[in-house]
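Work through the exercises below with the sequence and the structure at hand. Each task is followed by a worked solution.

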Protein chains: 2
Amino acid sequence: MTPDRPSGDHLVEVLAALANPIRLRILATLAHGRDYVSHLAREIGISRPLLHMHLQRLEAAGLVVGTLELSDDGKAMKYFEVADFDLHLTAESVAQAAATLTRPDPAPGPADKEKPR
Amino acid sequence: MTPDRPSGDHLVEVLAALANPIRLRILATLAHGRDYVSHLAREIGISRPLLHMHLQRLEAAGLVVGTLELSDDGKAMKYFEVADFDLHLTAESVAQAAATLTRPDPAPGPADKEKPR
DNA sequence: TTCACGTGTAAGAACTTTCTGACATGTGAA
DNA sequence: TTCACATGTCAGAAAGTTCTTACACGTGAA
């Protein structure tokens, strides 16, 4: 499997999604096998709404995939599993990704008005 | 060069440091060669105090290294350069790192008191 | 002495992320 | 009908991050 080469903006999203202890734990738990959210919440020890939010962030970044299924007894269950990803980060690869950033953040033009007094 | 295998806590720090467009641009710029902060600030187009903050975050994560030097004309110059790093992230490696997290975040015990009404 | 250039830091505004505690929906079984 | 269990969402508090403005210090040259 060859490493992904995400665009700058996507890279930021993926890194931000990974940069959180709870979300790391979610991924680690899902790595053992798929699970549905209520059960996963109990497993990890956080509230369901909170888990819901973290899963959204992970899914938006493409790190997990969720599918809504109907269990045998008719309950709607949302199962999540890890999407396998392969990120290789070095000074070089990061620099390349940075080149494709869509100038989102710094916005305003000249700064540092600081008068030397 | 073999990839690093950071502990969970350190991994979160590194990822958080990388998960920002400005900091990505800083790394990309420094990848071309070392630079001192005032010049780098002009280069990137952000204020010096802001850059100072971002550099601190990058240095704390071990992604850049700064050295204070005296220029020929006696000025104190702080030069930064990228530390070369090599992170290989997959579902597996992330899961392993997560296992070493020092239970920092979720803190409180049972949650989801939600009465089923 | 003043200017231009370098360094650092601190206070507060503005914004984003994280988290809790409701509330709403649905199903099947007792 | 009520309970247990599944889903989702929203409002607001709390905490963290980002950013500006302003101040401090230093040097060498005009």
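Predicted model: local features only at pLDDT ≥ 70, side-chain atom pairs only at ≥ 80, totals over all residues.

Residues are numbered from 1 along each chain as its sequence is written, chains are lettered from A and ligands numbered from 1 in the order in which they are written, and side-chain values use heavy atoms, without hydrogens and water.

**Exercise 1.** Describe how α2(B) and α4(B) pack, and state which residues make the contact.

*Solution.* Step 1: locate the helices, α2 at residues 21–31 and α4 at residues 48–60 of chain B; helices are DSSP runs of H or I with at least four residues, strands runs of E with at least two, numbered from the N terminus.
Step 1: the axes, lines fitted to C-alpha atoms over the stretch in contact, with angles from 0 to 180 degrees between N-to-C directions, stand at about 80° and lie 10 Å apart.
Step 2: α2(B) and α4(B) are therefore roughly perpendicular (65 to 115 degrees; under 35 is roughly parallel, over 145 roughly antiparallel, the rest oblique).
Step 3: with contact meaning heavy atoms within 4.5 Å, α2(B) contributes Ile22(B), Arg23(B), Ile26(B) and Leu27(B), and α4(B) contributes Leu51(B), Met53(B), His54(B), Leu55(B), Arg57(B) and Leu58(B).

**Exercise 2.** Which residues of α3(B) are buried, and what do they pack against?

*Solution.* Step 1: in α3 (residues 37–44) of chain B, the buried residues are Val37(B), Leu40(B), Ala41(B) and Ile44(B) (buried is under 20% relative accessible area, exposed over 50%, partly exposed in between, with a 1.4 Å probe and protein chains only).
Step 1: they cover an arc of only 105° around the axis, which puts them on the same side of α3(B); the arc is that of the directions from the helix axis to the C-beta atoms.
Step 2: their packing partners in chain B are α2, β1 (35–36), α4 and β3 (76–82).
Step 3: just after α3(B), Gly45(B) has a positive phi of about 90°.

**Exercise 3.** How many aromatic pairs are there over all chains?

*Solution.* Step 1: rings of Phe, Tyr and Trp (its six-membered ring) pair if their centres lie within 6.5 Å; planes under 30 degrees apart are stacked, over 60 edge-to-face, the rest tilted.
Step 1: this rule gives two pairs over all chains.
Step 2: the ring centres of Tyr36(A) and Tyr79(A) are 5.7 Å apart and their planes at 70°, so this pair is edge-to-face.
Step 3: Tyr36(A) lies in β1 and Tyr79(A) in β3 of chain A, so the pair ties together parts 43 residues apart in sequence.
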